Amino acid sequence: MATDGPDPPRCDQDIFENGEEVFVTHTIPSNAMEGWVKQVAERSGQRVDWHFYGGRAVVKALGDIDRVQSAITALMPEHDRLYREAYKKLGL
């Protein structure tokens, strides 16, 4: 259940079942996470999606994993901004 708007779509089943785990994070709300993962997919040109597991956001990908990792690295400042914003809203 999203706390920052409507629930994002479910993780693509093929990626969920067959994708390689490329990143794990937490604290970022669902819709913000959805937006960030879409940027990773667009920048890498690969199939990337995510789901929650055990309170963590697990990002998985199919295709050229090196390109996905490069996109994640390039987009870490945005991830970190979203994390800090969410952390601040928690009053911590």
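Reader: What volume does the largest pocket have?

Author: This is a predicted model. In it, the volume of the largest pocket is about 370 Å³.

Reader: Which residues line the largest pocket, and which of them lie nearest its centre?

Author: The lining consists of 15 residues, and those nearest the centre are Pro9, Arg10, Cys11, His51 and Phe52. Two or more lining residues come from each of α1 (13-18), α2 and β2. With four residues, β2 gives the most to this lining.

Reader: How is a pair of aromatic rings described?

Author: Such a pair is described by two quantities, the distance of the centres and the angle of the planes. This structure holds three aromatic pairs. One of them joins Trp50 and Phe52, with 4.9 Å centre to centre and 85° between the planes, an edge-to-face arrangement.

Reader: Why is the pair of Tyr83 and Tyr87 stacked?

Author: The planes of Tyr83 and Tyr87 stand at 20°, with the ring centres 5.9 Å apart, so the pair is stacked; planes under 30 degrees apart meet that criterion. Tyr83 and Tyr87 are four residues apart in helix α3 (residues 65-89), and therefore about one helical turn separates them. Tyr83 is partly exposed at 25% relative accessible area, and Tyr87 is partly exposed at 36% relative accessibility.

Reader: Which ring has the charged end of Lys60 over it?

Author: The ring is that of Phe16, and the charged end of Lys60 sits 5.6 Å from its centre.

Reader: Which residues of the largest nonpolar core touch the most other members?

Author: The core has 19 residues, and Val22, Met33, Trp36, Val40, Val48 and Val59 touch the most other members. At least two core residues are supplied by each of β1 (20-25), α2 (30-44), β2 (47-53), β3 (56-62) and α3. The element that gives the most to this core is α3, with six residues.

Reader: With which residues is Trp36 in contact, leaving aside its neighbours within four places in sequence?

Author: Apart from those neighbours, Trp36 is in contact with Phe23, Ile72, Leu75, Met76, Glu78, His79 and Leu82.

Methods
Residues numbered from 1 in each chain as written. Predicted model: local features only at pLDDT ≥ 70, side-chain atom pairs only at ≥ 80, totals over all residues. Heavy atoms only, no water. Phe/Tyr/Trp six-rings, centres within 6.5 Å; stacked < 30°, edge-to-face > 60°. Buried < 20%, exposed > 50% of the residue type's maximum accessible area, 1.4 Å probe, protein only. Lys NZ or Arg CZ within 6 Å of the ring centre and 35° of its normal. Core = buried A, V, L, I, M, F, W, Y, C linked by side-chain atoms within 4.5 Å. Contact = heavy atoms within 4.5 Å. 1 Å grid on protein atoms, 1.4 Å probe; cavity = no way out; pocket = protein on both sides within 12 Å on 5 of 7 lines; lining within 4 Å. Points joined across faces, edges and corners; volume = space filled by probe spheres on them.
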